[in-house]
Amino acid sequence: MATISELKNAVRETLESRGVLGQLKARIRAEVFSALDEHRGARPSLSHENLLINELIREYLEFNKYRNTASVLTAESGQPETPLDRQFLATELRVSEDASSKTVPLLYGLVSHFLNSSDNRGKVLLRGAAVSVSAPGHDS
């Protein structure tokens with residue numbers, strides 16, 4: 001007969017092999033973040049820029065099977081649970097895609113574009129963003 005310790009190990013291994021244990025841990029972390037945020041007061045509203053950036057990151061995380069990290073990002077950032085439509089993202093970012101670029105996250109295409117661009121000797125001129133200085137995570 002198996003000992004309690006052996007049964008615990010068997011359950012843990014089964015949950016890990018099915019990917020459930022990681023999901024549970026991520027969900028617990030997300031709930032802890034959420035509970036802590038409730039005590040800190042209201043979170044600033046999610047700006048349009050942060051919504052797009054978070055969605056690019058979420059698409060990248062999910063593509064690479066970093067689903068636990070993506071679930072914590074969604075919970076902590078206030079990003080909508082339902083991902084934004086990819087075509088909406090592409091339109092907002094003024095990105096045109098071909099068939100092969102649609103197989104990877106938009107973030108890969110954006111990085112590839114800048115790495116392979118020969119305009120301005122490889123430099124891109126960045127202008128001030130529309131995000132205020134008191135953006136989430138940046139105390140003023």
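Contact here means heavy atoms within 4.5 Å. The legends below describe a predicted model, in which local features need pLDDT of at least 70, side-chain atom pairs count only at pLDDT 80 or more, and totals for chains, interfaces and linings use all residues. Residues are numbered from 1 along each chain as its sequence is written, and side-chain values use heavy atoms, with hydrogens and water left out.

**Figure 1. Overview of the chain, which has six helices and zero strands.** Helices (H or I, at least four residues) and strands (E, at least two) are DSSP runs, numbered from the N terminus. In order from the N terminus, the elements read α-α-α-α-α-α. Of the 140 residues in the chain, 18% are buried; buried means under 20% relative accessible area, exposed over 50%, and partly exposed in between (1.4 Å probe, protein chains only). The accessible surface of the chain is about 10,800 Å², with 56% belonging to carbon and sulfur atoms. These areas come from the Shrake-Rupley method with a 1.4 Å probe, and for residues only the protein chains shown count as cover. Among contacts between residues at least 6 apart in sequence, 61% join residues at least 24 apart.

**Figure 2. Helix H3 and the helices it packs against.** The end C-alpha atoms of H3 are 23 Å apart, which agrees with the 22 Å that its 16 residues should span at 1.5 Å a residue. That expected span is 1.5 Å times one less than the number of residues in the helix. Buried positions in H3 include Asn50, Leu51, Leu52, Asn54 and Leu61. The buried residues of this helix pack against H4 (67-77), H5 (86-92) and H6. After H3 comes Lys65, with a positive phi near 65 degrees.

**Figure 3. The largest nonpolar core, made up of Leu52, Leu56, Leu89, Ala90 and Leu106.** A nonpolar core is a set of buried Ala, Val, Leu, Ile, Met, Phe, Trp, Tyr and Cys residues joined through side-chain atoms within 4.5 Å. This core has five residues in all, and H3 and H5 are the elements that give two or more residues to it. Leaving aside neighbours within four places in sequence, Ala90 is in contact with Val95, Glu97 and Leu106.

**Figure 4. The salt bridge between Arg58 and Glu55 in helix H3.** A salt bridge is a side-chain nitrogen of Lys or Arg within 4 Å of a carboxyl oxygen of Asp or Glu. A search of the whole structure finds three of them. Between Arg58 and Glu55, the closest N and O atoms are 2.7 Å apart. The two residues are separated by about one helical turn, because they are three residues apart in H3. An α-helix has 3.6 residues a turn, so residues three or four places apart point the same way. Both Arg58 and Glu55 are buried.

**Figure 5. The salt-bridge network of Glu59, Arg86 and Glu97.** The closest N and O atoms of Glu59 and Arg86 are 2.5 Å apart. This bridge joins distant parts of the chain, with Glu59 in helix H3 and Arg86 in helix H5, 27 residues apart. Glu59 counts as buried at 18% relative accessibility, and Arg86 is buried with a relative accessible area of 19%. Arg86 also bridges to Glu97, where the closest N and O atoms are 2.4 Å apart. Here the partners are 11 residues apart, Arg86 in H5 and Glu97 in the loop between H5 and H6. At 21% relative accessibility, Glu97 counts as partly exposed.

**Figure 6. The aromatic cluster of Tyr60, Phe63, Tyr66 and Tyr108, linked by ring pairs.** Rings of Phe, Tyr and Trp (its six-membered ring) pair if their centres lie within 6.5 Å; planes under 30 degrees apart count as stacked, over 60 as edge-to-face and the rest as tilted. The structure holds three aromatic pairs. In one of them, the ring centres of Tyr60 and Tyr108 are 5.9 Å apart and the planes meet at 55 degrees, so the pair is tilted. Tyr60 lies in H3 (residues 48-63) and Tyr108 in H6 (residues 106-116), so this pair ties together parts that are 48 residues apart in sequence. Tyr60 counts as partly exposed at 27% relative accessibility, and Tyr108 counts as partly exposed at 35%. Phe63 and Tyr108 form an edge-to-face pair, 5.9 Å centre to centre with 70 degrees between the planes. This pair also links distant parts of the chain, Phe63 in H3 and Tyr108 in H6, 45 residues apart. At 38% relative accessibility, Phe63 counts as partly exposed.
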